[in-house]
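Have the structure open while you read.

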Amino acid sequence: MTNHWKDIKNADVVLVMGANPAENHPCGFKWALEARDERGAQIVTVDPRYTRTSAVADRHLQIRPGSDIAMLGGFIRKILDEDLHHEEYVRLHTNASFIVQEGFGFDNGLFSGFDAATSAYDKTSWDYERGSDGYVRRDMTLEHPRCVFQILRNHYARYTPETVAQIAGCSAEDFSRVADIICSTGTADRVGTIMYAVGWTMHTVGSQIIRTAAIMQLLLGNIGRPGGGINALRGHANVQGATDHAIVAGILPGYLRVPAPHQESLSAHLADSTPEPLVPDTVNYWGNYPKFFVSQMKAWFGDTVGPENDFGYHYLAKPADDSTWLSMWDQAFKGRLKGIIALGFNALLAGPDVPRLLEAMKNLEWQVIIDPFMLDSAEFWRAPGVNPEEVATEVLYMPATHWIERAGSFTNSGRWAQWKEKAIDPPGDVRSDTWILSELAWRVKELYQEEGGAYHEPILNLQWNYLNPREPTLEELAREINGYDLTTGRLLPSFAGLRDDGTTSSGNWLYSGSFTEEGNMMARRGTADPSGMGFHHDWGFSWPVNRRVLYNRASADGDGQPWDSTRPGIRWTGREWIGDVPDYGRTTPPDQAGAFIMTEEGVARLFTTYLNDGPIPEHYEPVESPSPNILHDDVAVNPAIHWYDGVREALADRADYPYACTIYRVVEREHFVTSNVARLVELMPDFFVEVPHGLAAEKGIENGERVRVWSARGEVEGVAIVTKRIKPLTVNGETCWTIGIPVHWGFKGITHGSMANNLTPFVGDANTSCPEFKAFLVNLERA
């Protein structure tokens with residue numbers, strides 16, 4: 001989230017798209033309802049289904065799964081075509097004025113620089129044009145044909161209401177009615193927010209969907225303002241914290257970069273990772289990357305590393321291939337992976353193409369499952385259709401504490417790190433994750449000490465200096481994450497004190513300031529809110545440096561005065577900034593730095609070179625779609641996605657699989673965990689299939705009958721819920737039906753049901769590799 005949960009109460013318009021917060025985030029969604037009830041805010045849902053959120057929204061628009069960029073692109077076209085953008089904000093806080101060099105272009109679905117042999121872009125032509133001083137050339141009139149503003153205008157000119165309707169399946173009139181609401185906030189006295197979740201991330205264009213939304217919010221001037229932002233709704237209480245601490249492949253804690261093979265020395269890695277400013281007088285805070293990286297190495301390896309050995313840089317892996325979820329299981333599928341440790345993760349049900357995953361698990365020599373419950377992954381050899389006698393994989397199950405059974409910190413969607421207390425003791429000999437991982441580390445260390453072995457330095461030099469080295473306390477880990485001034489032994493008050501000479505340590509620079517000499521900031525419970533904006537600076541800790549709204553400098557004009565005096569983010573008094581923790585020093589004058597301190601441009605990016613599949617978003621169809629791509633059918637799907645062996649060849653044909661399908665969750669179950677909680681299972685006991693009323697009539701299916709749904713990969717069977725919540729759409733002149741399937745069931749737990757991901761394709765986003773769970777093709781019949 002750029003903002004935070006309570007801030008949603010400050011909005012005038014709440015767009016819920018790619019999310020269903022009334023169902024999946026009911027406690028947080030109350031702030032959207034407060035915005036409606038107290039401010040008169042309008043809540044709009046845009047979704048393939050009429051959801052529980054839609055039921056309390058002011059307006060709902062049904063779209064086809066996978067048409068989100070077309071819809072958002074249509075909003076952008078309206079904003080630019082009708083001059084609805086917040087003009088002063090756009091000039092001051094975005095790269096709209098930056099001129100892109102000659103040679104950049106877009107034609108028939110491809111940006112310049114595409115290499116068909118590698119399915120990748122050479123991004124050279126996407127760069128900015130530079131002046132003789134080395135800085136980017138700008139046109140503050142926004143009229144230069146190659147300035148970003150004009151490139152956006154030209155790119156999205158194709159996204160007319162009629163074209164959007166043809167792609168998404170709604171009517172042009174319904175699109176325009178929703179667009180009028182969404183695009184009404186490009187003024188100083190109005191502000192809108194977006195709530196999104198995995199309904200956006202789980203596509204082959206997931207990153208670009210979110211980019212499109214960010215572009216729209218920037219054009220409207222809604223980023224950095226109270227009541228604005230683009231707000232990711234994380235699935236569990238600590239998904240944000242897990243991401244911050246690098247639970248996903250491809251980053252180190254604090255979003256530092258994983259070293260690449262060509263970066264053979266620390267200096268090479270730092271040179272590639274530390275950006276140079278593109279305009280004068282920009283903060284360019286990633287210029288401090290060396291301080292963050294070196295301090296992290298000191299936290300991990302302590303006194304064994306220093307300038308003399310590149311701070312242990314040679315200890316770190318420099319992978320040529322990615323280790324994302326799909327690639328990891330692809331290696332297992334090909335028999336190239338010996339074993340997998342799954343910690344708190346039900347891999348069999350959480351990934352796409354369950355039949356392929358089952359084959360991959362059979363190819364493992366061993367699998368370790370660490371979890372409070374005996375999940376489906378722990379007994380994959382009992383899955384329907386699997387012969388246990390043909391499975392040689394050794395499975396080791398280690399029961400671990402549930403989060404209810406231990407203290408520690410959660411970081412919520414709004415980046416608030418909050419300390420919790422243990423509610424109950426774990427049963428029997430169940431041990432904590434901390435003990436299990438610490439014991440594993442020690443036993444590997446001891447094996448190296450006793451027997452020696454290759455590549456021993458990173459293992460033996462890994463620091464484990466705790467009061468009880470076999471099981472560190474959570475407070476000790478929190479202090480290590482916060483970081484120390486190693487010259488004094490004192491905890492750092494913030495990341496501003498980090499240095500790149502080896503005299504500071506920090507396990508994650510973003511959390512520096514969360515546990516200081518004053519105590520555990522995450523455990524604070526002060527409720528004061530003098531501004532009335534919901535900042536609550538004395539409650540918990542929000543990264544970075546307890547800032548509650550990111551980019552809050554953009555909440556004020558060039559003189560530092562709030563765009564809307566009734567909703568101030570920060571305000572310049574003439575001597576200092578008051579309100580939220582400002583984006584930079586409290587006494588830095590408003591004309592000395594921009595809001596977007598992390599970018600080398602010093603402003604927000606409407607156009608960027610950082611993504612793999614284009615500098616601006618473009619609509620591509622899901623890899624399985626009921627419709628051709630009417631914008632450019634020669635390049636129908638994202639050209640930069642990675643295809644795993646055998647996947648493209650086995651995709652469904654729309655003639656045999658005519659119906660769009662999407663996977664979702666229900667409030668009565670928490671993913672797979674509550675399959676073991678009797679009262680929640682009683683509320684939603686059985687796997688079901690949501691079938692549109694008209695389609696059911698065509699197929700002769702009655703409500704409550706059992707139906708079979710199958711894709712090119714597998715099938716499911718369950719009770720039909722015949723519903724009018726999903727209506728027929730007209731996509732490219734043809735009737736399009738959408739089927740909805742919940743994800744929570746498997747062959748373990750109190751009640752059993754079909755595994756929804758039997759149906760989904762083994763393909764992911766071109767940047768994150770997040771699988772495309774939200775849009776694929778199926779067929780349907782009475783069971």
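Leu266, His269, Leu270 and Ser273 are the α11 residues that touch α12, and they meet Tyr289, Pro290 and Phe293 on the α12 side. Sort that contact by residue type and you get five nonpolar, two polar and no charged residues. Keep in mind that this is a predicted model.

As for the geometry, α11 covers residues 266-273 and α12 covers residues 289-301, and the two pack at an angle of about 135 degrees. Angles of 65 to 115 degrees count as roughly perpendicular and those over 145 as roughly antiparallel, so α11 and α12 come out as oblique to each other. Their axes are 10 Å apart, and α11 passes α12 in a right-handed crossing.

Now for another pair, α6 and α7. Helix α6 (residues 161-168) packs on helix α7 (residues 172-182) at about 110 degrees, with the axes 8 Å apart. That angle falls in the 65 to 115 degree range, so α6 and α7 are roughly perpendicular to each other. The crossing of α6 past α7 is right-handed. On the α6 side, the contact uses Pro161, Glu162, Val164 and Ala165, while α7 brings Ala172, Phe175 and Ser176. By type, that makes five nonpolar residues, one polar and one charged.

Here are the two pairs in brief:

| Helix pair | Angle | Axis separation |
|---|---|---|
| α11 and α12 | about 135 degrees | 10 Å |
| α6 and α7 | about 110 degrees | 8 Å |

Key
Residues are numbered from 1 along each chain as its sequence is written. This is a predicted model: local features need pLDDT of at least 70, side-chain atom pairs count only at pLDDT 80 or more; totals for chains, interfaces and linings use all residues. Side-chain values use heavy atoms; hydrogens and water are left out. Axes are lines fitted to C-alpha atoms, for helices over the stretch in contact, and angles run from 0 to 180 degrees between N-to-C directions. Helices (H or I, at least four residues) and strands (E, at least two) are DSSP runs, numbered from the N terminus. Angles under 35 degrees count as roughly parallel, over 145 as roughly antiparallel, 65 to 115 as roughly perpendicular and the rest as oblique. A crossing is left-handed if the near helix is turned anticlockwise from the far one by less than a right angle, and right-handed if clockwise. Contact means heavy atoms within 4.5 Å. Ala, Val, Leu, Ile, Met, Phe, Trp, Tyr, Cys and Pro count as nonpolar, Asp, Glu, Lys and Arg as charged, and the others, Gly among them, as polar.
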